[in-house]
Amino acid sequence: MNAVERRVELKSEKEIAALRAAGKLAAGLLNEVCAQVRPGITTDELDKVGAEFIRKNGAKPAFLGYRGFPKTICLSVNDEVVHGIPGGRKLAEGDILGVDVGVLLNGWYGDTARTVAVGQIDAQAQRLLIVSKESLERSMDAAKNGGRLGDISNAMQSVVEKAGFSVVREYGGHGIGRGLHEDPHVPCLGKAGTGVRLVPGMVLALEVMANAGMPEIDHKADDWTVVTKDGSLSAHFEHTVAITEKGTEVLTVI
Ligand code: MG
């Protein structure tokens with residue numbers, strides 16, 4: 001085992017059951033918020049929908065207060081990659097919106113994200129969403145017992161780059177459990193057959209961040225919002241998976 005492998009906390013079946021409950025709740029929350037996305041709604045209004053859902057279900061928001069993050073969910077519009085802060089911005093027809101949600105349920109985290117269309121979007125935006133979703137799906141196929149972390153990252157990168165888009169270098173997915181962000185870090189790019197060995201008990205939040213243009217990013221003055229440097233559109237999809245003896249289970253589904 002290398003140093004990172006030693007730091008990865010493997011979860012028992014009982015712990016995975018707790019993470020399954022948190023993942024399911026996060027999936028329900030994501031559906032609830034995405035169902036309200038429409039032209040004219042503000043990102044703050046969507047944040048309130050999320051906060052109310054979490055409260056009703058007896059959970060806690062995972063992101064509120066995390067390193068000082070001021071809102072319940074992350075909402076990233078168009079060229080915003082991740083970590084957009086909800087506010088007074090009204091969504092417009094043709095926007096794309098990255099919705100990233102996290103919950104803390106009975107001490108365990110659930111984390112999932114999806115990018116959705118606001119009304120009708122143009123062909124390039126549509127293709128970016130389809131490709132990014134496909135990239136996450138292929139990376140979930142690669143997340144299996146006996147594989148390597150690089151298999152996951154490489155699957156993400158190859159789908160995105162084959163389509164002529166690019167993956168973000170500086171951010172990625174992560175282990176998840178009693179901590180929102182645990183080891184290992186899961187980059188959106190990498191070499192198959194390299195990196196941490198994937199073994200039963202690993203629970204990973206896999207995140208694809210794909211830009212329609214160049215991979216370079218910047219941060220807005222709020223110090224949170226990550227944007228593409230070239231102003232191109234960006235999409236974000238995330239699922240949490242558990243690697244087990246019996247196969248890989250997606251935890252962030254209803
Ligand atoms: Mg995450």
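Arg89 is partly exposed, with a relative accessible area of 37% (buried means under 20% relative accessible area, exposed over 50%, partly exposed in between, with a 1.4 Å probe and protein chains only). Arg89 forms a salt bridge with Glu80, their closest N and O atoms being 3.6 Å apart. This is a predicted model, where local features need pLDDT of at least 70, side-chain atom pairs count only at pLDDT 80 or more, and totals for chains, interfaces and linings use all residues. Residues are numbered from 1 along each chain as its sequence is written, and side-chain values use heavy atoms, with hydrogens and water left out.

**Salt bridges**
- A salt bridge here is a side-chain nitrogen of Lys or Arg within 4 Å of a carboxyl oxygen of Asp or Glu, and by this rule the count comes to 12.
- Glu80 also pairs with Lys220, with the closest N and O atoms 2.7 Å apart; this links strand β3 (residues 80-82) to the loop between β10 (217-219) and β11 (226-228), 140 residues apart.
- Shared partners join Glu80, Arg89 and Lys220 into one network.
- Within it, Glu80 counts as buried at 7% relative accessibility, while Lys220 is partly exposed at 34%.
- Asp44 bridges to Lys71, the closest N and O atoms being 2.7 Å apart.
- Because Asp44 lies in helix α3 and Lys71 in the loop between β1 (60-61) and β2, this pair ties together parts 27 residues apart in sequence.

**Magnesium site**
- Asp111 (OD), His174 (NE2), Glu207 (OE) and Glu238 (OE) coordinate the magnesium ion at 2.1 to 2.3 Å.
- Donors are N, O and S atoms within 2.8 Å of the metal (3.2 Å for Na, K and Ca); water is not among the atoms, so sites may look incomplete.
- Along the chain, the donors follow the spacing D-x62-H-x32-E-x30-E.
- His174 is buried at 4% relative accessibility, and Glu207 is buried at 5%.

**Helix α2**
- Helices (H or I, at least four residues) and strands (E, at least two) are DSSP runs, numbered from the N terminus.
- The 23 residues of α2 (residues 13-35) should span 33 Å at 1.5 Å a residue, and the end C-alpha atoms are 32 Å apart, which agrees; the expected span is 1.5 Å times one less than the number of residues.
- Buried residues of α2 include Ile16, Leu19, Leu30 and Cys34.

**Strand β2**
- From β2 (residues 74-77), Cys74 and Ser76 point one way and Leu75 and Val77 the other, and all are buried.
- Strands β2 and β4 run antiparallel, joined by 4 bridges; two strands pair if DSSP finds at least two bridges between them.
- Leu75 has Val99 in β4 as its bridge partner.
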